[in-house]
Amino acid sequence: MLISIVSWLLAGLLVAAVLVLLTLMLATWRIAAKAERLVPACGKFVEIDGNRIHYVEEGDGRPIVFLHGLGAQLHHFRQTLFGRFGAGYRLIALDRPGSGYSVRASGATGRLPEQAEIVRRFIEELRLERPLIVGHSLGGAIALALATKYPTAISGIALLSPLTHLEVRARLRFDLLYVPSRPLRRVLAYTVAIPASLRYAQPTMKFIFAPQAVSEGYMTGGGGWLGLRPSHYFATSTDVVAVEQDLGQIEKRYREIAMPAGILFGTGDRVIGETVHGQPMLDKINGLDFERVEGLGHMPQFVEPERVVAFIRRIATRAFADVN
């Protein structure tokens with residue numbers, strides 16, 4: 001009799017667990033469908049070594065390629081900076097593999113040299129003549145990887161709040177994204193991760209934008225909704241895990257960078273500290289144009305777009321002068 005009762009209890013728990021998983025999967029599907037409805041694909045696609053890259057472009061002239069940060073997508077530049085440069089520039093923003101509407105190749109690792117190689121191939125595929133690379137946050141680390149590994153492919157780098165140094169404590173800020181197990185990452189992406197991300201979206205955005213307020217309309221115009229999709233979570237978690245494997249080695253080569261380079265960093269950045277990731281770069285890149293902005297947080301392109309455009313144009317003037 002006791003064994004029968006225990007069996008029924010176990011069966012009941014199993015059924016309950018299955019129902020919970022199905023509920024989470026259904027919620028994930030609904031949230032993702034809403035995200036894609038509110039922020040649809042808006043650009044072109046190109047195949048790069050098994051990666052399907054989504055990108056947008058504007059204007060004619062000298063090429064500037066924009067690389068977004070962790071968990072972001074091309075709208076971080078399209079909404080904030082496009083339309084502000086004036087004539088003479090061809091602006092191109094892409095969704096990094098797995099982010100936004102770009103699809104990461106099967107078996108890809110997300111490691112920094114791998115992402116730098118994809119950007120190099122993207123430049124080649126679009127026949128861009130030594131573009132200036134603008135990298136924000138993690139995109140800055142990829143720009144630095146590109147500058148050290150493929151210096152002849154680009155004319156310069158302009159970095160916004162860039163990740164530049166391996167900082168073990170930084171992982172603590174992204175504990176929920178640090179999932180080394182690929183199968184577990186996949187399970188979380190399609191069950192609990194997206195509903196949980198939606199629940200904590202507001203405090204997360206406040207942290208990222210702090211000390212400034214979250215940009216009005218960020219979830220739609222800024223593409224924030226696109227982060228609430230399983231593929232995007234999986235790619236973001238992959239990026240978090242991958243950073244630790246290569247950034248330390250890339251750091252050792254910063255002194256090799258001879259191209260025009262600039263960094264814009266806010267002293268109020270709570271995501272990536274300026275004293276760790278900004279100031280030390282002055283001793284590592286000769287002739288670095290370093291613009292420190294008092295009190296500015298991690299999202300300068302949303303908070304002070306005109307300042308950011310002026311900064312990028314300043315680096316572009318040097319970079320494209322060298323091309324000529």
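Hi everyone, two quick notes on the ground rules. Residues are numbered from 1 along each chain as its sequence is written, and side-chain values use heavy atoms, with hydrogens and water left out. Since the model is predicted, local features need pLDDT of at least 70 and side-chain atom pairs count only at pLDDT 80 or more, while totals for chains, interfaces and linings use all residues.

Let's start with charges. How many salt bridges does a search of the whole structure find? The count is 19, where a salt bridge is a side-chain nitrogen of Lys or Arg within 4 Å of a carboxyl oxygen of Asp or Glu.

Helix α3 covers residues 112-125; helices here are DSSP runs of H or I with at least four residues, strands are runs of E with at least two, and both are numbered from the N terminus. Why can they meet? They sit 3 residues apart in the helix, so about one helical turn separates them. Glu117 is partly exposed at 21% relative accessibility; for that term, buried means under 20% relative accessible area, exposed means over 50%, and partly exposed is in between, with a 1.4 Å probe and protein chains only.

Glu124 and Arg121 form another bridge, at 2.9 Å between the closest N and O atoms. These two are also 3 residues apart in α3, about one helical turn. Here Glu124 is partly exposed at 46%, while Arg121 is buried at 15%.

Now for a pair that reaches across the sequence. Asp289 and Arg314 meet in a salt bridge of 2.8 Å, N to O. Asp289 belongs to strand β8 (residues 289-293) and Arg314 to helix α11 (residues 305-323), so this pair ties together parts that are 25 residues apart in sequence. Asp289 is buried at 17%, and Arg314 is partly exposed at 33%. Elsewhere, salt bridges with shared partners join Asp49, Glu117, Arg120, Arg121, Glu124 and Glu125 into one network.

Keep Asp49 in mind as we turn to the backbone. As a general rule, most residues other than glycine have a negative phi, and most peptide bonds are trans. Asp49 has a positive phi of about 50° without being a glycine, and its place is the loop between β1 (44-48) and β2 (51-58). Ser161 is also not a glycine, yet its phi is positive at about 45°. Ser161 lies in the loop between β6 (156-160) and α5, and is buried with a relative accessible area of 0%. Which peptide bond is cis? The one from Ala210 to Pro211, with omega near 5°; Pro211 is in the loop between α7 (201-209) and α8.

A cavity is a set of points where a 1.4 Å probe fits but cannot get out, a pocket is an open set with protein on both sides within 12 Å along at least five of seven lines, and lining residues have an atom within 4 Å of a point. Points are joined across faces, edges and corners, and a volume is the space filled by probe spheres set on them.

The structure has 1 cavity of 30 Å³ or more, and the largest cavity holds about 30 Å³. Leu94, Arg96, Pro97, Gln115, Ile118, Val119 and Ile142 line it, and α3 gives the largest share, 3 residues. That lining divides into 5 nonpolar, 1 polar and 1 charged; Ala, Val, Leu, Ile, Met, Phe, Trp, Tyr, Cys and Pro count as nonpolar, Asp, Glu, Lys and Arg as charged, and the others, Gly among them, as polar.

The second largest pocket has a volume of about 270 Å³. Of its 18 lining residues, Gly98, Arg104, Arg186, Ser231 and Phe234 are the closest to the centre. Both α5 (182-189) and α8 (230-251) supply at least two lining residues, with the largest share, 4 residues, from α8. The lining has 7 nonpolar, 7 polar and 4 charged residues.

Last stop, the surface. Leu21, Leu22 and Met25 make a nonpolar patch of about 270 Å². Met25 lies in helix α1 (residues 2-38) and is partly exposed at 42%. Patch residues have over 30% relative accessible area and no salt bridge, with like charges joined within 9 Å and nonpolar side chains (Val, Leu, Ile, Met, Phe, Trp, Tyr) within 5 Å. Areas come from the Shrake-Rupley method with a 1.4 Å probe, and for residues only the protein chains shown count as cover.
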